[in-house]
Amino acid sequence: MSEKEIDDLVTELQNNSVELYSFVAENASEDLSDDEMDALVSDLENDYLSLREFVIEAMED
């Protein structure tokens with residue numbers, strides 16, 4: 001993925017909480033409880049750089 005494609009995906013995920021939750025659920029590295037998943041999604045939704053890092057790591061797997 002190019003840098004622009006990553007940035008576009010991150011922006012898209014930040015603007016759509018349903019897609020963000022789905023993406024995180026599919027790519028989380030460990031089994032998270034519902035509360036932990038909600039907290040992670042909330043944190044990523046409000047932190048562009050952390051979400052970008054999460055997306056890059058997910059794409060590497």
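Patches are made of residues with over 30% relative accessible area and no salt bridge, with like charges joined within 9 Å. The model shown is predicted: local features need pLDDT of at least 70, side-chain atom pairs count only at pLDDT 80 or more, and totals for chains, interfaces and linings use all residues. Residues are numbered from 1 along each chain as its sequence is written, and side-chain values use heavy atoms, with hydrogens and water left out.

**View 1. A patch of negative charge on the surface**. E30, D31, D34, D35, E36 and D38 gather here. Asp and Glu count as negative, Lys and Arg as positive; His and the chain ends are not counted. Each charge is placed at CG of Asp, CD of Glu, NZ of Lys or CZ of Arg. Areas come from the Shrake-Rupley method with a 1.4 Å probe, and for residues only the protein chains shown count as cover.

**View 2. D31 in its loop**. D31 sits between α2 (17-27) and α3 (34-45). Helices are DSSP runs (H or I, at least four residues), numbered from the N terminus. D31 has a relative accessible area of 81%, so D31 is exposed. The classes are buried (under 20%), exposed (over 50%) and partly exposed (in between), with a 1.4 Å probe and protein chains only.

**View 3. The salt bridge of E3 and R52**. Side chains of opposite charge can pair when their charged atoms come close. A salt bridge needs a side-chain nitrogen of Lys or Arg within 4 Å of a carboxyl oxygen of Asp or Glu. The whole structure holds 3 salt bridges. For E3 and R52, the N to O distance is 2.2 Å. This pair links distant parts of the chain, with E3 in helix α1 (residues 3-15) and R52 in helix α4 (residues 48-60), 49 residues apart. R52 counts as buried because its relative accessibility is 15%.

**View 4. D7 joins R52**. The side chains of D7 and R52 form a salt bridge at 2.7 Å, N to O. D7 lies in helix α1 and R52 in helix α4, 45 residues apart. D7 is partly exposed, at 26% relative accessible area. Shared partners join E3, D7 and R52 into one network of salt bridges.

**View 5. The salt bridge of D8 and K4**. Their closest N and O atoms are 3.1 Å apart. Both residues lie in helix α1, 4 residues apart, about one turn of the helix. D8 is partly exposed at 40% relative accessible area, and K4 is exposed at 57%.

Conventions: Patch = residues over 30% accessible without salt bridge, like charges linked within 9 Å, V, L, I, M, F, W, Y side chains within 5 Å. Helix = DSSP H or I, 4+ residues; strand = E, 2+ residues; numbered from the N terminus.
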